Amino acid sequence: MSSSLDGKQLWGSRFSKTLDKNVNDFNSSLPFDNILYKYDIKGSIAHASMLADQGIISFEEKEKIVSALNEILSEIETGKIEFNFEFEDIHSFVEKLLIEKIGDTGKKVHTSRSRNDQVALDVRLYLKDEIKKIQKLLISFVEILLEISNEHITTIMPGYTHLQRAQAITFGHHIGAYIEMFKRDIERLNDLYKRVNILPLGAGALAGTPHYIDRYKTAKYLNFDNVALNSIDAVSDRDFVIEAISTISIIMMHLSRMSEEIILFASFEYKFIELDDAYSTGSSIMPQKKNPDIAELTRGKTGRVYGDLMTILTVMKSLPLAYNKDMQEDKEPLFDAINTVKMCLSIMPSMLKTMKVNKENMLKAVKDGFLNATDAADYLVTKGLPFRDAHNVSGKLVSYCIEKKKTLEDLTLEEYKKESNFFDNDIYDAIKAENSVNSKKSIGGPAFENVKKVNEINKNWLKNIKREINE
């Protein structure tokens, strides 16, 4: 059922006229900030508990307030109470419900606070939960990427620069690059969490309160690490929202880069991977088509999240201290960015886990692309030729192969020696794709044993980060 309360503003006593309905609709944030209801209630329970601890309200009044707020929470979650969008925001809606339940005692809950510090609290509480959710999704994603990397430690493929075939690597090593990116994203969220985990409540409208409150006690009730040390800053900045959307934008950028490669690698031109039918779509007119729509949508949604970031940056760029109504525009881009990244992180892992990797096509691309040209140059260096000269010799050999429609593996020793007498029969071992990969033994390189070691390091990293996040 809907609440029987009217939507009269909490601040209405100063005004002689009722707010115009169109103005109220324009002014109201309840259509989108209603998702903060449980955080608003949680914050009010902690605030009431602190007020009672400080003797500002009685223990009995606190018990009535807490009991009623818990009832309201239950009734909203079971659908017994529906949101009345005549109200200005979630704070006034919950407070009016509280007053309806317990009368004048409910009016005391707003002692020593303002909606300015209240909304900052709600958003921070919401973000604390959402950061953990995004981290858990990223961890699950990294676990799947680690599985794929381990499966393909010896799957040789071309590595690219400038989207041109460059040197032989393995698919396991290639996937490992994304593992490192998403690890940093998880760590960035950890850093963000520290700055979000600061209590703004008690800052009031901008200048604190004359009542003898204990903000550190409220912080303890709500599991905040510390309190905001400047009441103006506590209510007037949204840099934690900007940082959150910025961090999400980086995650989306990494997802978009991966999506771009999935789209390329699944194309007929590459044929490196084939996406599962359950994660592909077809064409209404071209029956042969198998479209990578999930990857394309993820790539597209990245631009949407960038737009969310530009929205909040633009909103905040010229605001004088302290609170301004412009800051109401912080929530929709934040909610949208969070919902978008969670949606992408929920579907991308399964798409990757079910894809087929075409090892033969990857290896063929290595052999056809002269990816062992650098290995030929490095071979000459081991024989005593300066690298710049070795590079020149190898380049001439590639030109010769292109002219004769050969690969470096096809050349005879006589053809090699025409360019340099440093070549001998062991050149053929040096330019083999597997040997080329395994020669890159420096830490971080694609040698099979290297990738195994790094994957083991990352396996342990995952264990530690899981423990840290769950603490």
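**Close-up views of a surface patch and salt bridges**

Ile232 is partly exposed, at 31% relative accessible area (partly exposed lies between buried, under 20%, and exposed, over 50%; 1.4 Å probe, protein chains only). The model is predicted, so local features need pLDDT of at least 70 and side-chain atom pairs pLDDT 80 or more, while totals for chains, interfaces and linings use all residues. Residues are numbered from 1 along each chain as its sequence is written, and side-chain values use heavy atoms, without hydrogens and water.

**View A. A nonpolar surface patch includes Ile232.** Leu206, Ile232 and Leu321 together have about 270 Å² of accessible area (Shrake-Rupley method, 1.4 Å probe; for residues, only the protein chains shown count as cover). Patch residues have over 30% relative accessible area and no salt bridge; nonpolar side chains (Val, Leu, Ile, Met, Phe, Trp, Tyr) are joined within 5 Å, like charges within 9 Å. Ile232 belongs to helix α10 (residues 231-236) (helices are DSSP runs of H or I, at least four residues, and strands of E, at least two, numbered from the N terminus).

**View B. Asp330 and Lys331 form a salt bridge.** The N to O distance is 3.0 Å (a salt bridge is a side-chain nitrogen of Lys or Arg within 4 Å of a carboxyl oxygen of Asp or Glu). Asp330 is buried at 0% relative accessible area, and Lys331 is buried at 4%.

**View C. Asp375 forms a salt bridge with Lys440.** Their closest N and O atoms are 2.9 Å apart. The pair links distant parts of the chain, 65 residues apart: Asp375 in helix α15 (residues 373-382) and Lys440 in the loop between α19 (433-438) and α20 (448-470).
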